[in-house]
Amino acid sequence: MTRAASEGGGRRVTLTLALCFLAVMCEGFDIQGMGLAAPRMGPALRIGRDQLGPLFSASIVGLLIGAVVFGRIADWYGRKRILVGCLVVFGVFSAATAQVAQYEALLAVRLLTGLGLGGALPNLLALCAEAVTPERRAKLVTRITCGLPFGGGVAGIVAASLDWRALFYVGGFVPLILAPAIWLALPESRDFLAARQDSAAASARRGFLWALFGGGRAPATLLLWTASFASLLSLYVLLNWLPTLLGDKGLTKPAASLVSLLFNLGAGVGILILADLLERRRRRWTVGLWYLGLAGSLVALALVGPGFANAGVAGFAAGFFVSSVPLPLYGLAPGYDDVLIRGAGVGASVAVGRLGAIFGPLLAAALLAQGMGATGVMLALLPMAVIAGGATMVLVGRPALAE
C-alpha cells in the first residue's frame, strides 16, 4: 500500500469514527434529556409520577423495535443511508416533544423518537466496526460509545441553565444538522460493499434466527443478551430517575442536574479506562472488579444525604461504574457476526438490552408507588449487578468469531 493510500485510509477511518461519535452524542443527549426534563416537565404538563414510567419507556420501546428492524434492513441496503434516515426521524420527533401537551400524543412522539434512536445505534456500531481492523475493533468501537454519557453530560449542562423545552429543541436540531453532513462526508462501509458484491457471500445469507444463533454464535449471543439486559436495567433507572430520586433526598433541581452531569462525566472517564483495560490480560478479573465497584457505588448513592458534595462524589462514582459497564458490550458485539448479518446481530443485542431499559424505569416507578423510596430503589439494583457481572466475565473469555 502506498503512503498516500495509507494516509487516505487513515483519514477515512478518522472521519467515520468522528462523525459516528457525534451521532452517538446526539443519542446520549436525547436519552438523558427525558430524565432531566421530567422534574419540571411533569408539573408543567400535569403529568403524575405514575405516568412518568410509561413515558420514559415509550422511547425505549421504539428503540427496541428500531434496533431490530433497521439493523436488519441495513444488512440489505447499507449502513449509511439507514443511519441518515434514522437521524432525521429521531431529530424531528425529539424537537416535537417540546410542542406536545397531551399525554397520549407525548407517548406517541417519544415512541417515534425511539424508532430513530434504535435504528441509528446498531448502524453506527457496524460502520465503526467495519472501518477498523479486527484487532482494534473492540477498543475503538467501545471508545465511540463514550458519546452516550458525554452527550448526556451536555444535556445536564443545558438542563441546569435553560428551560426544559430547550432540551428537546437542542436534541432535535443537532441530529438534523448532522444527518446531511454524514450523507455528504461519510463513506459507506467498504467491508459491506465488498461482501454484498461477493456472490458467494451473498448466497450465504440466512434467516434472522440463523444470524443470531447459527455458526456457533448461540453462547455468545445469549451471554451478550443477559449482560445487556441486566446492565441496562440498572443504567436506565439512574438515567431516567436520578434527578427525581435526588430531589427526594433533599437536593434542589439545579443541584440534581449538576449531579447528573457528574454522573455522565464519570461514565465517560470510566469507559475510556475500561476500554483500555479490556485489551490487556486478566480481562475477567477487570470485569469482576468493575462490577464490585458498581455494587459499591449503588450503595453509596443509596445512602447519600442531602448535601451536594457527597451526592456529587457518589454520582460521579456511579457514572464511572454503572454507565461504563454496558458500553464494552457494544464494542464486543460486532466481533461475533459476519459482515452481512452484523446489523441483525448487533441490532438484536441492542434491542434485548433495551428490554432491560424498558423494565428498569417501570420497576422504579412501581417501587416508588409502593413507598420504597430512593434508597430502596438503588439497593434493588444490586442483584442485577451480580447477573450482569457474571455473564460479562464469561463473555470476555470467549474469542471473537468474526475477523
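Helix α2 (residues 49–77) gives the largest share of a nonpolar patch, 3 residues.

Let's look at one member, Ile65, which sits in helix α2. Is Ile65 buried, exposed or partly exposed? Ile65 has a relative accessible area of 39%, so it counts as partly exposed.

## The protein as a whole

The protein has 18 helices and 0 strands. Of its 403 residues, 58% are buried. The accessible surface comes to about 15,200 Å², and carbon and sulfur atoms account for 68% of that surface.

Now think about which parts of the chain touch. Among contacts with a separation of 6 or more, 86% are between residues 24 or more positions apart.

How many salt bridges does a search of the whole structure find? The search finds 1. Its partners are Asp30 and Arg110, whose closest N and O atoms are 2.9 Å apart. Asp30 belongs to helix α1 and Arg110 to helix α4 (residues 103–131), so the pair links distant parts of the chain, 80 residues apart.

Are these two partners buried or exposed? Asp30 has 3% relative accessibility and counts as buried. Arg110 is buried too, at 1% relative accessibility.

## Checking the length of helix α3

The buried ones are Arg79, Lys80, Ile82, Leu83, Val84, Cys86, Leu87, Phe90, Gly91, Ser94, Ala95 and Thr97.

Start with Arg46, in the loop between α1 (3–45) and α2. Its phi is near 60°, a positive value in a residue other than glycine. For background, most residues other than glycine have a negative phi. Arg46 counts as exposed, because its relative accessibility is 78% and the cut-off for exposed is over 50%.

Then move along to Thr221, found in helix α11 (residues 218–248). Thr221 has a relative accessible area of 9%, and it is buried because the cut-off is under 20%. Which residues does Thr221 contact, leaving aside its neighbours within four places in sequence? Thr221 is in contact with Leu212 and Phe213.

## How confident is the model?

The mean pLDDT of the protein is 79, and 86% of its residues reach 70 or more. Where is confidence highest, and where is it lowest? Helix α3 is highest, at a mean of 91, while helix α9 (residues 199–203) is lowest, at 46.

Two stretches have a pLDDT below 50, one of them being residues 1–8, which have 1 contact in the model beyond near neighbours in sequence. Residues 199–204 are also below 50, and that stretch has 5 such contacts. Keep this in mind as you explore: where pLDDT is low, the predicted coordinates should not be read in detail.

How values were computed:
Residues numbered from 1 in each chain as written. Predicted model: local features only at pLDDT ≥ 70, side-chain atom pairs only at ≥ 80, totals over all residues. Heavy atoms only, no water. Buried < 20%, exposed > 50% of the residue type's maximum accessible area, 1.4 Å probe, protein only. Helix = DSSP H or I, 4+ residues; strand = E, 2+ residues; numbered from the N terminus. Contact = heavy atoms within 4.5 Å. Salt bridge = Lys/Arg side-chain N within 4 Å of Asp/Glu carboxyl O. Areas by Shrake-Rupley, 256 points an atom, 1.4 Å probe, with all protein chains shown as cover. pLDDT = per-residue confidence, 0-100.
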